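Please walk through the model below, from its sheet to a pocket and then to a few single residues.

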Amino acid sequence: MSPVLLSSEKIETSISNAVAYRIRYNSTDLHGKETQSTGLVVAPSEYKEGRKVMSWSHGTTGIGDAGAPSAHDDPARELTLYFASGSVTQIDYGIPALQQFIDEGWIVVATDHQGMGTPGIHQYTVNITNALDAVNIVHAVREMDLGAGTKFGAIGWSQGGGTTAAVAELDASAFGELELVGVVAMSPGVPSVAIKVPETQAALAGTGAPSAPDAHIYMILGGMTAAFPDELSLDDVFTPLGKQIFLDNYNTAPVHHLGDILTRTWKHQGAIMDVKKDKLPLWFQAFNKASAAQRKPSVPVLVLIDGQDPNGPCPLPWQLGYIEAIKELGGDISSSTYPDCDHFALPQASIGEALTWLNAKF
């Protein structure tokens, strides 16, 4: 295949016995359109051939450059949460158990995804596009002199959980010489599953009580228009005010900041959402084209569930619905529930299980 890596810049890292790089690389979207993405590569300092590779896919951060994890200071670090006491970041960034992966000899890659550090609107929760980014960054690290082998596993959280789920459903042509051994989906966000949940349908149909739009649903709609510009439009789902807020803020406001903007704007200036019901069939078709849970996964899948809050950022029915969809497709899927974890505690609480499970697949 053609070269994937475009550039690499060595950066400082707080991880011991490791080297880290911020990279830019070629990728494609679900239509085969050429794109570019940025991301991180972290590898053991000592060179060794045939190292295992783990591709990490981050959770929701935004839909533009402000949400790019690799653009932060000291991005090659353990997972750092927006909600943690003492936090000075507007997004969650870093990689859970990164030091342990390095100590055990793994190379870790972490995509930002297209549109986050590269031109355009990020195709948020377009699982197939995001999955191609997560695979192409593995191709990119193979072009660096770091000893990356051909076997890799994928782990992702929230948006990234939907990404890794879709990695297991990509066509064989996406992998080339690479061998995927398994994927771990932490609280996976899969749009084709979400739209079957009554609460999501009510939100899209406008049948619930008037309220400020949830930032995640707002970004899902924006991300889908970026992925399907010929079929979908912001005018299908937003008022003129809602559209203007999107265009003004998508590239500069990360997710939590955008949520506050939406709430205040709705409270003081009026409606943000105006879903044209006659357009919904096209949207539902796009959700299915974009999503995981459309075909039997090619490798085993482990789902890790945050069980404390059933109505969290990735509601429990979404997580369980994905599992049921894969069972119906005949996939090899298992799961563990962390009943004391909310959405944001899950990655650090469950990464040990994810690492043990993935190690056994090599």
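This is a predicted model: local features need pLDDT of at least 70, side-chain atom pairs count only at pLDDT 80 or more; totals for chains, interfaces and linings use all residues.

Residues are numbered from 1 along each chain as its sequence is written, and side-chain values use heavy atoms, with hydrogens and water left out.

Nine strands form an open sheet with mixed pairing, in the order 1-2-3-5-4-6-7-8-9. Strands here are DSSP runs of E with at least two residues, helices are runs of H or I with at least four, and both are numbered from the N terminus. Two strands count as paired if DSSP finds at least two bridges between them. Strand 1 (5–11) and strand 9 (333–338) stand at the edges with a single partner strand each, so one side of each has no neighbour in the sheet. From one strand to the next, the twist averages 20°; axes are lines fitted to C-alpha atoms, for helices over the stretch in contact, and angles run from 0 to 180 degrees between N-to-C directions.

Strands of a sheet pair through backbone hydrogen bonds, either parallel or antiparallel. Strand 3 (residues 34–44) and strand 5 (residues 107–111) take the antiparallel sense, over four bridges. Gly39 stands opposite Thr111 in strand 5.

Helix 2 (residues 127–142) packs on the sheet and touches strand 1, strand 2 (18–28), strand 3, strand 4 (51–57), strand 5 and strand 6 (148–157). Contact means heavy atoms within 4.5 Å. The direction of helix 2 makes about 125° with that of strand 2. Helix 3 (residues 159–167) also packs on the sheet, where it touches strand 4, strand 6 and strand 7 (179–186). Its direction makes about 140° with that of strand 6.

The second largest pocket holds about 560 Å³ of space. A pocket is an open set of points on a 1 Å grid over the protein atoms alone, where a 1.4 Å probe fits, with protein on both sides within 12 Å along at least five of seven lines; lining residues have an atom within 4 Å of a point. The volume is the space filled by probe spheres set on the points, which are joined across faces, edges and corners. Of the 24 lining residues, Thr28, Asp29, Leu132, Leu170 and Ala174 are the closest to the centre of this pocket. Strand 2, strand 3, helix 2 and helix 9 (280–290) each supply at least two residues of the lining.

Asn17 lies in the loop between strand 1 and strand 2. Most residues other than glycine have a negative phi, but Asn17 has a positive phi of about 55°. Asn17 counts as exposed, at 59% relative accessibility, where exposed means over 50%, buried under 20% and partly exposed in between (1.4 Å probe, protein chains only). Asp74, in the loop between strand 4 and helix 1 (98–103), also has a positive phi, of about 50°. Asp74 is partly exposed at 28%.

Gln123, in the loop between strand 5 and helix 2, is buried with a relative accessible area of 4%. Asn26 is found in strand 2 and is partly exposed at 28% relative accessibility. Beyond its neighbours within four places in sequence, Asn26 is in contact with residues including Pro3, Thr35 and Asn136.
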